[in-house]
Amino acid sequence: MKTKNLLEVLQVKQIIGLLPEKIKSIQQDSRKVEEGSMFVCIKGYTVDGHNFIEEALERGATTIVVEDDPGIHVKGASIILVPNTMKALAHLANKFYNYPSKQMDVIGVTGTNGKTSVSSLINKLLEGVGRKTALSGTNGMTIAGEVTATSNTTCDILENQKLFSDVAEQGAEDVVMEVSSHGLAQGRVWGIDFNIAVFTNLTQDHLDYHQSMEQYGQTKGLLFAQLGNDTARKKFAVLNSDDPWSKKYEYITPAEVVTYGILENANFKAKQIQYLEDKTVFTLETLEGEFSVETRLLGEFNVYNVLAAIATLFVKGVHVSKAVALLRSINPLEGRMEQIPIDAPLKVYLDYAHTPDAIRSSIASVGHLQRNRLIYVAGTGGDRDKEKRPLMAQEASVADVVILTINDVRNEDPQEILRGMEKGMQHKNYGMLADRKEAIEHAVEISEPGDILIIAGKGNEQYQITGTKKEHHSDKTVVTDYIKHKYNIPI
Ligand SMILES: CC(=O)N[C@H]1[C@@H](OP(=O)(O)OP(=O)(O)OC[C@H]2O[C@@H](n3ccc(=O)[nH]c3=O)[C@H](O)[C@@H]2O)O[C@H](CO)[C@@H](O)[C@@H]1O[C@H](C)C(=O)N[C@@H](C)C(=O)N[C@H](CCC(=O)O)C(=O)O
């Protein structure tokens, strides 16, 4: 792209040195810079991108965008001084990739729990009505079954614009996107033109990063503020009326608001809910009348997820009866209260719950099932929110037996993590095993016929992080293999 055209998007800038005629690529990571790149220096959480100017120049960068004048003048390269490089990058990347989010409908889903489930549900329902969709989140960017791995649940500005451009080229009409609070706090979604923002819920998590619930909640609110005042494109906020934060988001968003819930008044309200062994049934009260909903998704949290998805489809113009009909054929998501299909005398579920509220709701979702005991494997990660640890164990204490373990130890002392959780235990019937595989095997070992076993923390994640090393691990494989071993089921 012509440098002159690209730079038109920056009003406040000082150009030092001669501009190259064209920019071949934009990079914010010096290691990805190639001949003819523009390198944008971002002040990060760990390091300052300004420290890598030399490396970028060596690799062939011809333009360096900075917010601190490095005081160097390099032959053959220009320095562009701007007030804020992150904001500059949002404009530059958008222009470079031709404003891809404006070529599609973008649905952002935020909240503590349920982001992956709600995004996936919306995506499946949209596919069901014949839309060509892309899904972006914890599992990467997926279009037509093809997955591109991404560095984060919510990618950085540049990666987002590039991925959006790729899927737009492949004909995507909608992008459904998980938007994390880290992503919002770090401006990773700046420059994305969202049409719809969906809020699931806000409960305690990530306080290592956000310091307080107030700050965490406000950060989530950035997505609703970002919906903007664009009257040319209709914008909607889909809010959970049972969560008090929705009132604040309603206040800050200029978008039209549609609500869903179970307890409070809502545009999409679930009534007469029946939690059955293999399905959930309820009456859905809506602006278009009442509908009978039947879904294979189990538990109260899934009622909320279903309501959020149907309300989103409604604002996309899909009739409720159509969404309700499509819902019947949707299977539970892997690793989200997923029942392991195995011929053994106990029921085993895998769940992603790694917050106090998610643990509460995973236990509640088997509350109606006949059982002997409930054994709960609860895990939390190292180098993350320490305050939630005792609260997680407190919620898990509702189970008859609790095994405390670790999801990803990262750089923390494993015993310290376990002790943090242990403080919240409400009874003495628990064990602590730092090794996740051993913890799961132990849970199976002590289980008796008729028990329900919930293994929570990682869901269908296929790795464990120790230090900075990511190694293969699958809760599903570990639990299935050990049950087969215990009950002599041939592998
Ligand atoms: C704490 C945190 O969120 N860190 C994120 C942040 O990294 P950072 O600020 O430390 O970046 P940095 O390493 O200091 O680098 C600063 C700049 O220097 C550049 N650089 C760096 C090194 C080099 O050699 N050359 C170079 O140019 C980098 O490309 C970058 O532009 O910005 C990076 C780029 O956007 C993110 O990948 C990174 O996420 C880390 C890996 C992470 O683990 N984040 C987690 C907490 C996270 O974001 N999780 C949420 C999901 C949460 C949930 O809901 O469960 C997510 O969206 O993934």
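Leaving aside residues up to four places away in sequence, A134 touches M141, T142, I143, V167, A172 and V175; two residues are in contact if their C-beta atoms, placed from the backbone, lie within 7 Å. The model is predicted: local features need pLDDT of at least 70, side-chain atom pairs count only at pLDDT 80 or more, and totals for chains, interfaces and linings use all residues. Residues are numbered from 1 along each chain as its sequence is written.

A134 is buried because 26 other C-beta atoms lie within 10 Å (buried means 20 or more such atoms within 10 Å of the residue's own, exposed 12 or fewer, partly exposed in between, with C-beta atoms placed from the backbone). A134 lies in strand β7. Helices (H or I, at least four residues) and strands (E, at least two) are DSSP runs, numbered from the N terminus.

Eleven strands form an open sheet with mixed pairing, in the order β9-β8-β7-β10-β6-β11-β12-β13-β14-β15-β16. Two strands pair if DSSP finds at least two bridges between them. At the edges are β9 (146-148) and β16 (289-295), each pairing on one side only. Within the sheet, β11 (residues 196-199) and β12 (residues 236-240) pair in the parallel sense over three bridges. V198 has V238 in β12 as its bridge partner.

Helix α4 (residues 115-128) packs on the sheet, touching β6, β7, β10 and β11, and its direction makes about 175 degrees with that of β7. Axes are lines fitted to C-alpha atoms, for helices over the stretch in contact, and angles run from 0 to 180 degrees between N-to-C directions. Helix α11 (residues 320-327) also packs on the sheet; α11 touches β15 and β16, and its direction makes about 15 degrees with that of β16.
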